[in-house]
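The entries follow the order in which I looked things up.

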Amino acid sequence: MKVSTVAELFSSGNTPEILFWVGCSGSFDQRAQKITRAFATILEKAGVSFAILGKEEMCTGDPARRAGNEFLFQMMAYQNIQTLNNYGIKKIVTACPHCFNILKNEYPALGGNYEVVHHTVFLQQLIDESKIKLKDGGLFKGKKITYHDSCYLGRANNIYEAPRKVLEALDAELIEMKRCRSKGLCCGAGGAQMFKEEEKGTTRVNFERTDEAISTGAGIIASACPFCNTMLTDGIKNREKEAEVKVMDVAELIADSLSDL
């Protein structure tokens, strides 16, 4: 895909309407790269003016701060803020709730003030404004989908409706897990747990969460976070259910359902 960088637009005197913040997972993790491509495809089809930072994008510093390395976090954050402010960026959309949370709620204290939107909210806006058309009787019509609430999207930022409204636009049957919304169970990756070995216990958090999702009878587990996607996919592999259950990002479900019109 050919996606413009902010630097390229800036050199020709233009600024994008939105900056798509790709994040570390979306850039380097092979599975999450598919989510990045899906979302970029949707933005292109919807005619949204967007760009990425490319090699100028650093990690937001979220894992460093969560793991207790405040010095490293501030170093990364200040460098990102300097880059964003130099380009006059006003609006950021990201497919990662960890990036979303820290850019929205923790960067302002360091001088980084932006309108930050999670991709599920942005997708809902595009659907509401009829900027993207979905196929009638699409791929997921009548299919059973269960949605896993990301902690950083749900409990941390109170975003529960947008991803569900996007899934409803697919004409799928949405089945809730027992623990959902504000009572949702973490996938086990938050708070920098993604990057360390878990403490000894009776079961892994992601196995327990995956079992809850499998018990709904849904063929698709929809997630809105690359970390959650990894943890739930690992859970599905552990239970040897890859043939029956797929873990897909909300953006992938929409990208697969786009009308060609």
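Before placing a residue in a helix, I note what counts as one: helices are DSSP runs of H or I with at least four residues, and they are numbered from the N terminus. The model I am reading is a predicted one.

**Entry 1: Val-121**

I looked up Val-121 and found its place in helix α7. Leaving aside its neighbours within four places in sequence, I find Val-121 in contact with Ile-159 and Ala-162. I also checked Val-121 against Glu-208, and the two are 87 residues apart in sequence and 28 Å apart in space, taken from C-alpha to C-alpha.

**Entry 2: the sheet with β1 to β4**

Which order do the strands of this open sheet take? I read it as β2-β1-β3-β4, a sheet of 4 strands with parallel pairing. The edge strands are β2, residues 50-51, and β4, residues 115-118, and each of them pairs on one side only.

Going pair by pair, I find β1, residues 18-21, joined to β2 in the parallel sense over 2 bridges, and within this part of the structure Leu-19 has Ala-51 in β2 as its bridge partner. Helix α6, residues 97-105, packs on the sheet, where it touches β1, β3 (91-94) and β4, and its direction makes about 160° with that of β4.

I turned next to an open sheet of 4 strands, in which the order is β6-β5-β7-β8 and the pairing is parallel. At its edges stand β6 (173-174) and β8, each with a single partner strand, so one side of each is left without a neighbour in the sheet.

I recorded the pairs in sheet order. β5 and β6 pair in the parallel sense over 2 bridges, with Lys-144 opposite Glu-173 in β6. β5 and β7 are likewise parallel and pair over 3 bridges, and here Tyr-147 stands opposite Ala-222 in β7. Strand β7, residues 220-223, is joined by 4 bridges to strand β8, residues 246-249, and these two run parallel. Along that last pair, I find Ile-221 opposite Val-247 and Ile-220 opposite Lys-246.

Helix α11 packs on this sheet and touches β5 (144-147), β7 and β8, while its direction makes about 85° with that of β8.

What is the hand of the unit that β7 and β8 make with helix α10? With α10 at residues 226-238, I read this β-α-β unit as right-handed. The unit made by β5, helix α8 (residues 161-168) and β6 is also right-handed.

**Entry 3: α11 against α3**

Helix α3, residues 30-45, and helix α11, residues 250-257, pack at an angle of about 50°, and their axes are 8 Å apart. Why do I call this pair oblique? Angles from 65 to 115 degrees count as roughly perpendicular and those under 35 as roughly parallel; the angle here is about 50°, and α3 and α11 are therefore oblique to each other. Their crossing is left-handed.

From α3, the contact takes in Arg-31, Lys-34, Ile-35, Ala-38, Phe-39 and Ile-42, which meet Ala-251, Glu-252, Ile-254 and Ala-255 of α11. By class, I note 7 nonpolar and 3 charged residues in this contact, and no polar ones.

**Entry 4: α11 against α7**

His-119, Thr-120, Leu-123 and Ile-127 of α7 make the contact with Val-250, Ala-251 and Ile-254 of α11. I class the residues of this contact as 5 nonpolar and 2 polar, with no charged residues.

How values were computed. Residues are numbered from 1 along each chain as its sequence is written. This is a predicted model: local features need pLDDT of at least 70, side-chain atom pairs count only at pLDDT 80 or more; totals for chains, interfaces and linings use all residues. Side-chain values use heavy atoms; hydrogens and water are left out. Axes are lines fitted to C-alpha atoms, for helices over the stretch in contact, and angles run from 0 to 180 degrees between N-to-C directions. Angles under 35 degrees count as roughly parallel, over 145 as roughly antiparallel, 65 to 115 as roughly perpendicular and the rest as oblique. A crossing is left-handed if the near helix is turned anticlockwise from the far one by less than a right angle, and right-handed if clockwise. Contact means heavy atoms within 4.5 Å. Ala, Val, Leu, Ile, Met, Phe, Trp, Tyr, Cys and Pro count as nonpolar, Asp, Glu, Lys and Arg as charged, and the others, Gly among them, as polar. Two strands pair if DSSP finds at least two bridges between them. A crossover is right-handed if, with the strands pointing away from the viewer, the path from the first strand over the helix to the second runs clockwise.
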